[in-house]
Amino acid sequence: MITTEEIRLAQESLRFALDSGADAVRITLTKSTEDIVATLDGAVDKVTRCADRSMNIALFAGGRYGAFSINKLDEATLQDFIIRAIDTVRMLAPDSFRRLPDAARCCKTAINGKEMGIYDDAYASVTPEDRIARALAASVRNGIPGRAGNDGTVSAGNDGTVSAGNDGTASAGNDGIVSEEGEYSDSEYDTYVIDSQGLECRHSETSFDYGVEVTIQDSKGDRYSDYWWTASPFLSGFDAMECGKIAVERARAQVGAKPARSGKYNMVVSTEAASKLVSPLLNALNAYSIQQGNSFLAGTLGQKVFSEGLTIMDEPGRIGESGSKLFDGEGVACFNQPVIEGGVIKRYSVNTYMSGKMQIEPTVEDVLRARVAPWPYEGLDRDKLMGICGNGILVTDFNGGNCNMTTGDFSYGISGQLFRNGVAVRPVSEMLITGNFRDLWQHLIATGSDARKCSTRLVPSLAFEGVDFSG
Amino acid sequence: MKKDSLETFGITLPELRSIVAEGLKGGNWCDLYFEQTVYNDLLLRDGAVASGGFHFDYGCGVRVLAGEKTGYAYSESTDLPSLYAAARAAASISGTPGAVCVTPPSPVPASLYPMAQDWAEVDKKALAAWLEKLEQAIRARESRTLKVIAMLSWSTDEVLMFNSLDQLTSDFRPLGNVTVTCIFADGGKTEQRNVSRSYRCGSEMFDDTLIAELAEEAVCGLDDSFAARRPKGGKMPVVMAAGASGILLHEAMGHAFEADFNRKGQSVFSDRMGRRICPAGINIIDDGTIPSCRGSIRYDDEGVPGQKTYMVRDGVLTSYLHDRISAGFYGVEPTGNGRRESFRYNPIPRMRTTYMENGSDGTLQDLIASVRKGIYVDKFANGEVKIGEGDFTFYVNRGYLIENGRLTMPVKDINIIGNGPRALADIQAVAGDLQIDNGTWTCGKEQSVAVSCGIPSVLIGGLTVGGE
């Protein structure tokens, strides 16, 4: 956690910057620690200890602006750094729209950093032995005869499940698994923000995470990989024991995958992949994109652009849930608000600078914690959406692709399952979906209620009609 | 340089040895990676360079290896107590010793980073003026220019490496970048173009020649881009233009040749060493020795000299890309591919500049003329690969349909997907026009590192093209 001495350094740096010629200053001090235990085939492969801190300084001087950061936090170095930073700001072109946010809009309720209830005091009690035990316990190889030994070598067991030769090639055993890489981590993040208008706020959170990637091999020697993960702000709510099993099931579901015939299909996107279809919308609603002519949603505020089924809320104020926060990067207070409601654009993300440039009201600089609301009713999940669609393609993973932000045209690689009468019939891969985001979201059939709470962006499974697939 | 670097980090050789000794309590190998990075940027937006800054990053990473197992910790302070604490944390990996590749002292490689004008003496006002001149050049060439957003950035990275073989290595790595996003408007339509350059050299790179190059590239073929449509999707022959098409090699083959994926049995090429994987005559290389190239490294981040590595010779898989761990595992010399984003990360096998050597199948025009119905692609954005399956994708900003051996309808914003081993085996022609692309390519495998890529024009028999 940020110490009293580090807070004093931040406050002293702010005063020094003002005394040295800055007209206004914002200082953001961040500090984090993270411990990681990685496993390979059920044995510890890597332990990592991370400890970071950084001071970010936004300087406003003579109608000019610059942004600076440094991780060497002793007073003499900081003072020299600030003087050079002010010199740099003075050589830039003036920009009358650069200023601190209106003090009345700034957060006044983040006093001790723990108001959002996502800091677990149990974090401090986790020992290196606990971490290793959690990582090993979550491994799907745990308990399988012939799994990797403590020395990390992979050797054949009595049932021949796993083997590795000196040539380094690993071959699959009866379980079909050639490789399992897991990673347990726990972390603590602390942020302290002050500015020269009197802003002072803090945010602290902890996180416990586990992710695993499994590679399997089929009888033809073809390999298939898949992953799963979980996370929680709280140690008591953290359970990684199913991750490996799910990753194996997902990999096995891909065995024998091949493209389906090109054409238009109904598309169900599973919740773990669905965020990919929401991110471009949120990016296009950011004032930076709009002001630069780089948004396919410019000029749409207040207009109905998408299906009435699309409602995206920004909910940073959900106490006890991952991603919640009381203030944005400028220190502006954040509240639960609709971004898109019933297909109507309700809010752009507008920071102080863009507010001045575009002559529109400021909001917050970004969507902190997006949640896609269920539609047309609560309780739908991936399988039920497939049932509603009848026939189509279930997308469980995206593979590359891009979106042209000026037009909304997109093309993404996908893999998943062809389904008929609501039931998966065979895996598909090496396929592409192609379209335009405005058009895609106008053809929304339904949204589920199955978003994973471990994610900071809550996007459930989604169903669309008439999507172009190429294979 | 060694003496200077020791002073930069306030450390002595006996102290380095003592910290390594602390780390060796947990394994059979220990190395230290000290790094000081100064990053500067200037941003032109709405006709003025009104935003900029600099960022200072400093610290040391300590790695302990117990066989193939890794303990890693870092400190943002290089005082002795902090470094000992990091060494003890890394040593907690403790396990059974195993093979780690040790290399004999090698001759000091020549510098790959020519710096006629040192970044330390750069005139920021002159660089701001250069950005303004660049915008003027683009607007002068194209009246439909709506916005120009240009960022100029440069960094210097001073590193000091020391390991348990008592090998002390240092390097000073400059990197200059310029990225330009242009928005053009024609009637109700808008088009976006991104162009960039990146070189490991001094500030001399920002000259009038580069302005002319970038301006030309930003506007070239713009009429076709406004007219471009989505093609009908499906599997078809693809002719890939020389240069940036090298992303195909990076995604479809390069990652699968990285030895960590193979050591763990995850790569589709894990069991294909020594086998033919593409037609005879094809050579695929990962090269860290091209002067001033973004992907070049005088030493990798384990202190191994940068090298030119043939991964495929005459169509046969001949080498993976190794760090010290995988080299020890396979019993081969490291290839100088142990790279990391910063002192916060342990090194892993990473590409440098990945390219294919020239072929003997004529020119780009010859390749296009040989296709009855297919697609020609010449501008790329990002790519991605699934290591296990070998399925790769890359995104095409610009291209054309090929009909009866001629370029016809312009196309854009399509993804192309294929399978690495099958695509390699399906290379039908390679022209003799190799180009290395000097854009700001960054590879994101676990960590971000600067890379480059290149290729001659090639014809692949069948890839799946996204479309309507």
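Residues are numbered from 1 along each chain as its sequence is written, while chains are lettered from A and ligands numbered from 1 in the order in which they are written. Because the model is predicted, local features need pLDDT of at least 70 and side-chain atom pairs count only at pLDDT 80 or more, whereas totals for chains, interfaces and linings use all residues.

**View 1. Strands β8(B) and β9(B) run antiparallel.** Here β8(B), residues 284-287, is joined to β9(B), residues 308-313, by four bridges. Strands are DSSP runs of E with at least two residues, helices are runs of H or I with at least four, and both are numbered from the N terminus. Two strands pair if DSSP finds at least two bridges between them. Look for I284(B), whose bridge partner in β9(B) is V312(B).

**View 2. β9(B) and β10(B) form a hairpin.** β10(B), residues 316-317, pairs with β9(B) in the antiparallel sense, over two bridges. R313(B) sits opposite V316(B) of β10(B). Two residues lie between the strands, and D314(B) takes a positive phi near 55°.

**View 3. Domain 1 of chain B touches domain 2 of chain B.** Domain 1 covers 119-157 + 174-227, and domain 2 covers 234-465; these bounds come from an automatic or database domain assignment. Their C-alpha centres are 26 Å apart. The contact takes 13 residues from domain 1 of chain B and 11 residues from domain 2 of chain B, counting residues whose C-beta atoms, placed from the backbone, lie within 7 Å. On the domain 1 side, β6(B) gives the most, with four residues.

Notes:
Two residues are in contact if their C-beta atoms, placed from the backbone, lie within 7 Å.
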